[in-house]
Amino acid sequence: MTASLGRPVAAHLDTTTVREDFPILRRLAHGHRLVYLDSAATSQKPRQVLDALRSYYENSNANVHRGVYLLAEEATELYEAARVRVARFIGASSAEEVIFTRNATEAINLVAYTWGQETIGSGDTIAVSALEHHSNFVPWQVLAANRSAQVDVVDLTSEGTLDLDCLDRMLMEKRVRLVAIAGISNVMGTINPLSDIVDLAHGHGAMVLVDAAQMAPHMTMDVRRLDADFVAFTGHKMLAPMGIGVLWAREQLLQSMPPFLFGGEMIRRVTERETTWNDLPWKFEAGTPNVEGAIGLASAIDYLEQIGMKQIRAHEKALVAYALHRLADIPGASILGPRDPALRGGVIAFTVGDIHPHDLASILDRRHGVCIRAGHHCAQPLHERLGLSASARASFYLYNDFEDVDVLCDAIQTAKAVMG
Ligand SMILES: Cc1ncc(COP(=O)(O)O)c(C=O)c1O
């Protein structure tokens with residue numbers, strides 16, 4: 001039975017209406033109402049995005065930037081309109097600043113292999129936080145190894161927030177060229193104080209890359225106000241299909257960077273002896289791009305903005321506050337990261353006594369239809385610091401409601417009874 005005592009009412013979003021837009025939420029899981037709490041891994045897709053993809057393939061599919069016939073022109077228009085839509089969503093100065101990539105990982109690698117290879121030299125430091133996803137860790141480790149540089153890790157406070165004094169000391173003592181930092185941690189949920197970090201880094205002449213994979217789907221993001229140098233995010237966590245991501249940087253910086261991958265589309269002129277590069281943004285988009293992904297991302301952004309990013313954030317904050325409150329009542333449940341919902345996004349990682357997170361996730365799925373993630377969540381260095389090999393993680397999005405939190409907590413009680 002689902003406990004409903006003290007359950008808040010959804011004040012910020014009409015989740016009943018929102019849920020109707022997500023066909024997958026109608027299915028059952030092992031005979032139970034599907035409770036999808038793994039949006040930090042990937043989000044579900046609304047009918048509106050699925051319709052946009054179908055419409056593209058049924059009406060306008062062709063390769064882009066090449067053909068002079070109607071379909072090719074329509075496909076190109078849709079692809080480039082998607083870029084304009086993304087630029088507007090993130091507050092970019094122009095569409096040329098929006099580079100489509102496969103995902104956030106590729107966007108970060110693009111920076112490491114282009115700007116990084118040209119800029120990072122022997123004795124330089126790249127600062128990352130202890131919270132980083134492997135995607136914002138490994139490219140810098142490899143770059144540092146190739147360039148005789150080093151990666152230094154900014155500590156966390158006991159509450160799971162970034163230790164800004166540690167960053168400050170690092171910036172003063174070392175030649176830090178880049179601070180690579182997540183907007184929101186995919187494990188601790190911590191919302192990093194990006195404007196303080198950008199001010200500190202820029203004050204010491206370091207550049208800042210923001211891994212916004214967990215931020216762009218959940219909060220208003222204005223890249224000009226943020227004032228970072230690079231921002232990377234990924235479409236599939238924000239209602240769009242897999243295989244589309246974005247790198248944003250200022251036009252001047254992108255102009256100064258060499259291309260990443262080489263081949264078709266990214267060239268202006270190829271002779272037998274040499275090649276010149278295309279204009280921005282195509283200089284960084286070698287080969288046939290993910291046209292359907294870009295169209296799906298534009299449609300996802302339309303959907304998110306129609307609901308309202310502020311409403312989405314407020315809704316998730318209320319869900320997290322309620323979940324933190326209910327989890328605190330479960331003996332043995334231990335929550336990672338800050339206790340204050342204002343300091344965290346819609347992610348809650350936790351452990352329950354000695355129950356292995358994989359066993360927990362299996363029981364939640366089979367007995368209650370609850371999908372959570374178990375493992376290191378691509379953050380092994382963080383888990384190592386915490387002395388854990390794995391944790392369980394529930395993550396919320398606009399289609400989750402307070403009933404989902406209740407089912408999660410009831411399911412954890414079941415797991416305790418089964419394993420205890
Ligand atoms: C904080 C963070 N950064 C980067 C990524 C990588 O995203 P993608 O696999 O789409 O490149 C993820 C995915 O979980 C993430 O949570």
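Start by selecting Val291: setting aside neighbours within four places in sequence, Val291 is in contact with Val64, Ala75 and Tyr79. Contact here means that the two C-beta atoms, placed from the backbone, lie within 7 Å. Before going further, know that this is a predicted model: local features need pLDDT of at least 70, side-chain atom pairs count only at pLDDT 80 or more, and totals for chains, interfaces and linings use all residues. Residues are numbered from 1 along each chain as its sequence is written.

Val291 is part of helix H10. Helices (H or I, at least four residues) and strands (E, at least two) are DSSP runs, numbered from the N terminus. Val291 is buried, because 22 other C-beta atoms lie within 10 Å. The cut-offs: a residue is buried if 20 or more other C-beta atoms lie within 10 Å of its own, exposed if 12 or fewer, and partly exposed in between, with C-beta atoms placed from the backbone.

**Along to the next helix**

Show H10 (residues 291-307) together with H11 (residues 309-328): their axes come within 5 Å and cross at roughly 70 degrees. Which residues of H10 and H11 meet? Pick Leu304, Glu305 and Ile307 on the H10 side, and Met309, Gln311 and Ile312 on the H11 side. By class, this contact has four nonpolar residues, one polar and one charged. Nonpolar covers Ala, Val, Leu, Ile, Met, Phe, Trp, Tyr, Cys and Pro; charged covers Asp, Glu, Lys and Arg; the others, Gly among them, are polar.

**A helix with two faces**

Next, select H6 (residues 164-173) and colour its buried residues, Leu167, Met170 and Leu171. Looking down the axis of H6, these buried residues fall within an arc of 95 degrees, so they line one face of the helix. Turn to the face away from the buried side of H6 and you'll find the exposed residues Asp165, Met172 and Glu173.

What do the buried residues of H6 pack against? Show strands E5 (125-129), E6 (150-154) and E7 (176-182), plus helix H7 (194-203).

Zoom in on Ala127 in E5. Ala127 is buried, with 25 other C-beta atoms within 10 Å. Leaving out neighbours within four places in sequence, its contacts are Asp152, Val154, Leu167, Met170, Val176 and Val179.

**Over to H5 and H4**

Now pick H5 (residues 138-146), where Pro139, Trp140 and Leu143 are buried. They sit on the same side of H5, because they cover an arc of only 95 degrees around the axis. Their cover includes H4 (104-119), E5, E6 and E7. Just after H5, click Ser148, which takes a positive phi of about 55 degrees.

In H4, select Gly116. Is Gly116 buried or exposed? Buried, with 27 C-beta neighbours inside 10 Å. Beyond its neighbours within four places, Gly116 is in contact with Val111 and Leu143.

Most residues other than glycine have a negative phi, and most peptide bonds are trans. With that in mind, go to His30, where phi is near 50 degrees. His30 lies in the loop between strand E1 (28-29) and strand E2 (32-33), and is exposed, with 11 other C-beta atoms within 10 Å. Glu265 has a positive phi too, about 75 degrees. Glu265 counts as partly exposed, with 18 C-beta neighbours inside 10 Å.

Then select Leu280 and Pro281: the peptide bond between them is cis, with omega near 0 degrees. Pro281 sits in the loop between strand E12 (275-277) and H10.

**Last stop: the ligand**

Finish at the ligand, with 13 residues around it; Asn103, Thr105, Asn186, Ala213 and Thr234 come nearest. A residue is near when its C-beta atom, placed from the backbone, lies within 6 Å. The shell holds four nonpolar, eight polar and one charged residues.

Key. Axes are lines fitted to C-alpha atoms, for helices over the stretch in contact, and angles run from 0 to 180 degrees between N-to-C directions. The arc is that of the directions from the helix axis to the C-beta atoms.
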